[in-house]
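Here are my notes on the model, as numbered points. Please read them with the structure open.

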Amino acid sequence: MHKGLRRRALILASFLVASLFASAVTVSASTFECTGTWFFASAGVGTVFEEGDAWQGATFTFIEDDNVMRVRAETNGDVVGRFPMGFLLGDRATIEFAAPVRITGILWHDNDPNPGEAGWSVNGIAGPLTGDGNGIITPVNLVTDTLNVDAGGDSGGIDFCVTPVRLQGCTPGYWKNHIDSWTATGFASNQTLESVFNVPDSLGMDNVTLVSALGGGGGPGLTGAAKILFRAGVASLLNTAHPGVAFAGSPASVIADVNAALASGSRSTMLDLATELDNANNAGCPLN
């Protein structure tokens, strides 16, 4: 996997944006169809995962304070992964897949934190605080190779609907010439760069629209580097936001990376990120 894509996947938990999961409404577990594999259910009840253990192409690279994750069957029939020793010995874990996967649903069970507890979350996606003991699923569209699980002190459990994917990406040229495909992303072609990114005033590009940025030709100095970066960055932004494109990361991680490169004031830093994003954008477009 390209090291830049892995880096952006690893920071996903730190840079999530609500718009990515605006459609991630909770539904009953009985009405959700998992087209992949339920990660913990596939291991079987009673399986115990320790730090370093591998399963379904993934490795538990971190489990806080020597805790474990145990596969349990709940009273309503859901099979979930729990931290049996709870927050007393740590309730955070990192699960890294050898290749990118798409998470289409997160099953939460008994997410009823007591005062002072936060409840379960996965890559910053918070579970519903139902507390009714029933399995509730949050449909999501998350492409990543790293899952960061945090039980927040609650005694509940989780499972994931996992499907292996081959990374994809549509080029700036595609997005420039297929405005109709923007509808599914939540972004509009006439939005300005400043409405999405932190554009330094010195660049004089605040009011450039996203679609115009896709045609940026570059040039000398920081302004030229910024044009190249925005061309690749806007395409990557749309790729992460479109549910039909298996592109690693999230809109927020792309925005954070681009903002950091712009703030560096370094032409080489901007161009390095632009190259990384451009490589990802050329992975193959699945859209018509």
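1. G221, L222, G224, A225, A226, I228, L229, A232, G233, A235, S236 and N239 of α4 meet R267, M270, L271, L273, A274, L277, D278 and N281 of α6. Contact here means heavy atoms within 4.5 Å. By class, this α4 contact with α6 has 12 nonpolar, six polar and two charged residues. Nonpolar covers Ala, Val, Leu, Ile, Met, Phe, Trp, Tyr, Cys and Pro; charged covers Asp, Glu, Lys and Arg; the others, Gly among them, are polar.

2. Basis of the notes: this is a predicted model, in which local features need pLDDT of at least 70 and side-chain atom pairs count only at pLDDT 80 or more, while totals for chains, interfaces and linings use all residues. Residues are numbered from 1 along each chain as its sequence is written, and side-chain values use heavy atoms, with hydrogens and water left out.

3. Geometry of α4 and α6. Helix α6 spans residues 267-281. Its axis and that of α4 come within 8 Å and cross at roughly 30°. Axes are lines fitted to C-alpha atoms, for helices over the stretch in contact; angles run from 0 to 180 degrees between N-to-C directions. The two helices are therefore roughly parallel to each other. The cut-offs are under 35 degrees for roughly parallel, over 145 for roughly antiparallel, 65 to 115 for roughly perpendicular, and oblique for the rest. The crossing of α4 and α6 is left-handed. Left-handed means that the near helix is turned anticlockwise from the far one by less than a right angle; right-handed means clockwise.

4. Geometry of α4 and α5. Helix α4 (residues 221-241) packs against helix α5 (residues 251-264) at an angle of about 165°, with the axes 8 Å apart. That makes α4 roughly antiparallel to α5. Their crossing is right-handed. On the α4 side, the contact uses A226, L229, F230, G233, S236, L237, T240 and A241. On the α5 side, P251, V254, I255, V258, A261 and L262 take part. This contact has 11 nonpolar, three polar and no charged residues. Helices and strands are DSSP runs, numbered from the N terminus: H or I of at least four residues for helices, E of at least two for strands.

5. T94. This residue lies in strand β8 (residues 92-109). At 13% relative accessibility, T94 is buried. Buried means under 20% relative accessible area, exposed over 50%, and partly exposed in between (1.4 Å probe, protein chains only). Beyond four places in sequence, the contacts of T94 include F60, F62, T146 and L147.

6. G169. Where does G169 sit? In the loop between β12 (157-164) and α2. G169 is buried, at 2% relative accessibility. Beyond four places in sequence, its contacts include N239, V245, F247 and C285.

7. N67. The loop between β5 (58-63) and β6 (69-73) holds N67. N67 is buried, with a relative accessible area of 2%. Leaving out neighbours within four places in sequence, N67 contacts F83, P84, M85, G86, L89 and G90.

8. D180. Is D180 buried or exposed? Exposed, at 60% relative accessibility. D180 lies in the loop between α2 (172-177) and α3 (210-213).
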